[in-house]
Amino acid sequence: MKAGIFITGTDTDVGKTVVAAGLAMVLKDRGIKVGVMKPVATGCYGDDGRLVSQDAAFLMEAAQNEYPPLSSPFRFRNALSPNVAAMLEKKEVNVARILESYRELQKIYDFIIVEGVGGLMVPLKKDYYVANLVRDMQLPLVIVSYAGLGAINHTLLTVDAAVIRGLELRGIIFNRVSVTNYSLAELTNPKVIHDLSGVPILGSLPEIEGLNMDSFQFGRLKEVFQERIQTGKILGGFTDFAPKK
Ligand SMILES: Nc1ncnc2c1ncn2[C@@H]1O[C@H](COP(=O)(O)OP(=O)(O)OP(=O)(O)O)[C@@H](O)[C@H]1O
Ligand SMILES: [Mg+2]
C-alpha cells in the first residue's frame, strides 16, 4: 500500500505548501500519523550549515512533526532551480539520501505528504527532474493549479508530463479561486480541464484570510480544506490508521 502523496504544482508559488499543510492538518485531525517532507528546498534562510526551509518549517508546524533533518534533507540558499543553486553552493542533490530519509520517515509516520519544488520538470540535478523523484518515491500525485486564464495550458502540460512518465494522478486542486467576482475563466476552467484530461478535480481553495507562512498563521485553512477538498480521493485506498508500535 502506498501511504503517501506527492504535491506538485503547475508552477512555483501556486500554493503547494498551503495545500500540503491543509491536508496535513485534516489528516492529523482524523487520527492519522502524518509526516511531511520537502526533500529539496531552495531560497532557504539562516546561517550556513543551519539553513532553514520556510516550506518545511510551515509543513512541520501544520503536522506537528519533530524530525527536521529527515523532512528537509537538501536546503539551498539561492532561490533558483535546485541544479543551479547546488552548483553555486558547491553541493549536490543526492537522491539515495532523499529516499533514505523518506524510508526513515515511513518508519515513524503512517502517511507522508511530500512537497515538490516548482513543477514536475524542475531539474534537481543532471538528467534528473522532480518527476523522476516522484517515480523513485513511488508516490501518487496531486497537482495544485490556479483556475484563472492560462490554467488550461499549464495544467494540461503538467498532466501530460506526469502521464508520459507513468505517474499516478490522484487529482487536481485549484487554489486561490475567487468566491465573489470570479472571472468566466475561473468559472469554466475546472470543468474544461477535467473533460480534456480525465483527471479528477478534488476541489478548490479560496483566499484564506489570516494565512501567513512567515508567522506560522494558518487562519481557517484546516476548516476550509475539510469543507472544500475531497480528502478521501487523495488517500485512495489508504485506510489503515493502526497506530505504529
Ligand atoms: N489559498 C490561499 N490563501 C491565502 N494565501 C495563500 C493561499 N495560497 C497560497 N497563499 C500564499 O501565497 C504564497 C505562495 O503559496 P505557497 O508557498 O503555498 O506556494 P508554493 O507552490 O508552495 O511555492 P514554492 O514553489 O515556493 O514552494 C504564500 O505566501 C502563501 O501564504
Ligand atoms: Mg512551497
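Reader: How are the donor residues of the magnesium ion (ligand 2) spaced in sequence?
Author: In this predicted model, the protein donors of the magnesium ion (ligand 2) are T17 (OG1), D55 (OD) and E115 (OE). Written as a pattern, the spacing is T-x37-D-x59-E.

Reader: How many residues apart in sequence are the parts that T17 and D55 tie together?
Author: T17 belongs to helix α1 (residues 16–29), whereas D55 belongs to helix α2. Because the two sit in these separate helices, the pair ties together parts of the sequence that are apart by 38 residues.

Reader: Is D55 buried or exposed?
Author: Buried means under 20% relative accessible area. The relative accessible area of D55 is 18%, so D55 is buried.

Reader: Which residue meets E115 in a salt bridge?
Author: E115 is in strand β5 (residues 111–115), and its partner, 77 residues away, is in the loop between β2 (34–37) and β3 (40–41). At 2% relative accessibility, E115 counts as buried. The N to O distance of the bridge is 3.0 Å, and the partner is K38.

Reader: Where do K191 and D195 lie?
Author: The two form a salt bridge, with the closest N and O atoms 2.6 Å apart. K191 counts as exposed at 56% relative accessibility, and D195 is partly exposed at 48%. They are four residues apart, about one turn of the helix, and both lie in helix α8 (residues 184–197).

Reader: Which residues do salt bridges that share partners join into one network?
Author: The structure holds eleven salt bridges, including the one between K38 and E115. Salt bridges with shared partners make one network of K38, D55 and E115.

Reader: Why is the pair of F58 and F218 stacked?
Author: Planes under 30 degrees apart count as stacked. The ring centres of F58 and F218 are 4.6 Å apart and both residues are buried. Their planes meet at 25°, so the pair is stacked.

Reader: Which residues do ring pairs link into a cluster?
Author: F58 also forms a stacked pair with F216, at 6.4 Å centre to centre and 25° between the planes. F216 is in the loop between β11 (211–212) and β12 (217–218), 158 residues from F58 in helix α2. The cluster linked by ring pairs consists of F58, F216 and F218.

Reader: Which residue has its charged end over the ring of F74?
Author: The charged end sits 4.4 Å from the centre of the F74 ring. The residue is R97.

Technical notes. Residues are numbered from 1 along each chain as its sequence is written. Chains are lettered from A and ligands numbered from 1 in the order in which they are written. This is a predicted model: local features need pLDDT of at least 70, side-chain atom pairs count only at pLDDT 80 or more; totals for chains, interfaces and linings use all residues. Side-chain values use heavy atoms; hydrogens and water are left out. Rings of Phe, Tyr and Trp (its six-membered ring) pair if their centres lie within 6.5 Å; planes under 30 degrees apart count as stacked, over 60 as edge-to-face and the rest as tilted. Buried means under 20% relative accessible area, exposed over 50%, partly exposed in between (1.4 Å probe, protein chains only). A charge sits over a ring if NZ of Lys or CZ of Arg is within 6 Å of the ring centre and within 35 degrees of the ring normal. Donors are N, O and S atoms within 2.8 Å of the metal (3.2 Å for Na, K and Ca); water is not among the atoms, so sites may look incomplete. A salt bridge is a side-chain nitrogen of Lys or Arg within 4 Å of a carboxyl oxygen of Asp or Glu.
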